[in-house]
Amino acid sequence: LGNLISDMLTADQFLENAQIKTNSAERVEFAICLPGKDDDGKPTLVAVDSKFPTEDYDRLVTASERGDPAEVEVAASALERGIVASAKEISSKYISPPDTVDFAIMYLPTEGLYAEVLRRPGLAARLQNDFRIIVAGPTTFSALLNSLQMGFRTLAIEKRSSEVWQVLGAVKTEFNKFGDVIGKVKKKLQEVVLLQLKKRKM
């Protein structure tokens, strides 16, 4: 998980061992920093917590290899209960708007485990609807990080664009001031010329 995040995002775009709630000592493994809505520079966090219920998953794999349908269902049900419990824990600890978005990510470190969670009827939807938890395996999480990275680039371009417009605005202001000065000088010159013409006529 750490390698995926550090490879895809820059150091200022994520936090490791991050404190989510100000009044809580709970720390999540990683938090992705999204630009905040306010001008205070404080990011909005997306909590990412890794879960790997090893015993239940190993029992499921073993039962599948033995071809024991009854044992497969027992192990799969135990795995589902463990995933739901983990989702509930992540939700209660690491979702805290407006400091965070209104969801968190449960990272499952193997594609097999991720596939098993998706295979359980209604499980992924339940995690999202009841606990605001999005489940992601390595490939899915990489795709998510890639999308975020593109978003960060777009925001950076927009930020630079606004800076350019600010510079152009300042140049325009200075140019207008310069134009005012030139106008005043021109007016003074015209007054001097008219005055000289009047003196000659006298």
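In which kind of crossing, left-handed or right-handed, does α3 pass α5? The crossing is right-handed. Welcome to this chain, which is shown here as a predicted model. The chain holds six helices and five strands, and buried residues make up 31% of its 202 residues. The points below go from the overall layout to the cores, a helix pair, the aromatic rings and a few loop residues.

**Overall layout**

- Starting at the N terminus, the elements follow the order α-β-β-β-α-α-β-α-α-β-α.

**The nonpolar cores**

- The largest nonpolar core has 29 residues.
- Ile20, Val28, Ile83, Met106, Leu108, Leu127 and Ile133 are the residues with the most contacts inside this core.
- At least two residues of this core come from each of β2, β3 (44–50), α2 (54–66), α3, β4 (104–107), α4 (111–119), α5 (123–131) and β5 (133–136).
- Helix α3 gives the most to this core, supplying eight residues.
- Another core, of 15 residues, lies apart from the largest one, and Leu9, Val48, Ala136 and Phe152 are among its members.
- Back in the largest core, Ile133 is one of the residues with the most contacts inside it. Leaving out residues up to four places away in sequence, Ile133 touches Ala87, Ile90, Ser91, Ile95, Ala104, Met106, Leu127 and Gln128.

**How α3 and α5 sit together**

- Helices α3 and α5 pack with their axes 10 Å apart, at an angle of about 25 degrees.
- Angles under 35 degrees count as roughly parallel, and α3 and α5 are therefore roughly parallel to each other.
- On the α3 side, the residues that meet α5 are Glu80, Ile83, Val84, Ala87, Lys88 and Ser91. Their partners in α5 are Leu123, Arg126, Leu127 and Phe131.
- Glu80 has its place in helix α3, which covers residues 69–94. Its relative accessible area is 19%, and Glu80 counts as buried because the cut-off for buried is under 20%.
- Beyond residues up to four places away in sequence, Glu80 touches Arg120 and Leu123.

**Aromatic pairs**

- The chain has three aromatic pairs.
- One of them joins Phe14 and Phe30: the ring centres are 6.4 Å apart and the planes stand at 55 degrees, so this pair is tilted.
- The pair links distant parts of the chain, with Phe14 in strand β1 (residues 14–19) and Phe30 in strand β2 (residues 27–34), 16 residues apart. Phe14 and Phe30 are both buried.
- Phe52 and Tyr57 also form a tilted pair, with 6.4 Å from centre to centre and 50 degrees between the planes.
- Within that pair, Phe52 is partly exposed at 40% relative accessibility, whereas Tyr57 is buried with a relative accessible area of 16%.

**Residues in the loops**

- Gln13 is found in the loop between α1 (2–8) and β1. Gln13 is buried, with a relative accessible area of 15%.
- Setting aside residues up to four places away in sequence, Gln13 touches Ala31, Ile32, Cys33 and Phe152. Phe152 is also listed in the core of 15 residues.
- Thr100 lies in the loop between α3 and β4, and counts as buried at 3% relative accessibility.
- Apart from neighbours within four places in sequence, Thr100 is in contact with Ile20, Thr44, Leu45, Tyr94 and Ile95.
- Although Thr100 and Pro43 are 57 residues apart in sequence, their C-alpha atoms are 8.5 Å apart in space.
- Lys42 belongs to the loop between β2 and β3. At 44% relative accessibility, Lys42 counts as partly exposed.
- Lys42 and Asp99 are likewise 57 residues apart in sequence, with 8.6 Å between them in space, C-alpha to C-alpha.

Definitions and conventions:
Residues are numbered from 1 along each chain as its sequence is written. This is a predicted model: local features need pLDDT of at least 70, side-chain atom pairs count only at pLDDT 80 or more; totals for chains, interfaces and linings use all residues. Side-chain values use heavy atoms; hydrogens and water are left out. Helices (H or I, at least four residues) and strands (E, at least two) are DSSP runs, numbered from the N terminus. Buried means under 20% relative accessible area, exposed over 50%, partly exposed in between (1.4 Å probe, protein chains only). Contact means heavy atoms within 4.5 Å. Rings of Phe, Tyr and Trp (its six-membered ring) pair if their centres lie within 6.5 Å; planes under 30 degrees apart count as stacked, over 60 as edge-to-face and the rest as tilted. A nonpolar core is a set of buried Ala, Val, Leu, Ile, Met, Phe, Trp, Tyr and Cys residues joined through side-chain atoms within 4.5 Å. Axes are lines fitted to C-alpha atoms, for helices over the stretch in contact, and angles run from 0 to 180 degrees between N-to-C directions. Angles under 35 degrees count as roughly parallel, over 145 as roughly antiparallel, 65 to 115 as roughly perpendicular and the rest as oblique. A crossing is left-handed if the near helix is turned anticlockwise from the far one by less than a right angle, and right-handed if clockwise.
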